[in-house]
Amino acid sequence: MSQSLILNMVKTTWALATAVKTYFHSLQNEIVEQFLVDWPTAVGETRPLTPNGLPVHDYLPALETAVSPQTAPLVAQLIEMASHLHWGQTYNPEDFGNDFLTRYGWTELFGPRGVLKYDKIASGFLFLGPHIEYPPHWHEPEEIYVPLTNGAYWQKGEATPWHEHTAGTVVHHEPWVKHAMRTEKRPLLALYLWRGNALAQKSTIR
Ligand SMILES: [Fe+2]
């Protein structure tokens, strides 16, 4: 990959990370602020990742139908930059099936998998297409999700009720707490923050 392509991706990612940080601060949430103490202050080391597409990108335009006035600018920025970012999938067809993989993906801004190398915390976007369930999973790192779209349902714990968490809601998962998400007619775009050990480890699913 050419140096200029890498440099462009780093610049794009840092610009998006700056907008994400501003959005997180706007929530004025105590737990979010605790995570933000460890936010990177400079670009630092980078990974030579390639911009790529995923099937879930078919639903990028539909995200705009699910935003709130507060989240619309950040979602628009992500949509505009999506083709310049590196997108990943942690699971394989044996985990949740092929259908799940056509409507699931994430892009990490910084962390153990992101274009910006960082090990104190990780942050990025989770993207789910409509009519899909991200089945129960759990992991060691403590996690915050902030959905940027409306219409997705979240479950925390085992056999507990599902709740719609609207755009801008802070969803907090303590280490090893089982959680799941599902969408209906609208796709879900959510910010994530992770902190703790094993930031790059795959979630436990069964
Ligand atoms: Fe999680």
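**Close-ups of a predicted fold**

View 1. Phe127 stands opposite Leu189 in β10. This is a predicted model, where local features need pLDDT of at least 70, side-chain atom pairs count only at pLDDT 80 or more, and totals for chains, interfaces and linings use all residues. Numbering starts from 1 along each chain, following the sequence as written. β3 and β10 run antiparallel and share 8 bridges; two strands count as paired if DSSP finds at least two bridges between them. Strands here are DSSP runs of E with at least two residues, helices are runs of H or I with at least four, and both are numbered from the N terminus.

**View 2. β10 from the inside.** Of the 8 residues of β10, 7 are buried, so the strand is largely enclosed by the rest of the structure. Buried means that 20 or more other C-beta atoms, placed from the backbone, lie within 10 Å of the residue's own. β10 also pairs with β5, again antiparallel, through 6 bridges. Look for Glu143 here: its bridge partner in β10 is Trp194.

View 3. The open sheet has 6 strands in the order β2-β1-β3-β10-β5-β8, with mixed pairing. Its edge strands, β2 (116-117) and β8 (171-173), each pair on one side only. β5 (residues 142-147) meets β8 in the antiparallel sense over 3 bridges, and Tyr145 sits opposite Val171 in β8. Helix α1 (residues 3-26) packs on this sheet, touching β1 (104-111), β2, β3 (121-128) and β10 (188-195). Its direction makes about 90° with that of β1.

**View 4. α1 against α4.** Helix α4 (residues 72-81) packs on α1 at an angle of about 165°, with the axes 11 Å apart. Those axes are lines fitted to C-alpha atoms, for helices over the stretch in contact, and angles run from 0 to 180 degrees between N-to-C directions. The two helices are therefore roughly antiparallel, a label for angles over 145 degrees. On the α1 side, Thr12, Leu16, Ala19, Val20 and Tyr23 meet Leu74, Gln77, Leu78 and Met81 in α4; a contact needs C-beta atoms, placed from the backbone, within 7 Å of each other.

**View 5. Zooming back out.** The whole protein has 6 helices and 10 strands. Along its principal axes, the C-alpha trace spans about 50 × 35 × 35 Å. Buried residues make up 33% of the 206 residues.

Conventions
Buried ≥ 20, exposed ≤ 12 C-beta atoms within 10 Å, placed from the backbone. Contact = placed C-beta atoms within 7 Å. Parallel < 35°, antiparallel > 145°, perpendicular 65-115°, else oblique.
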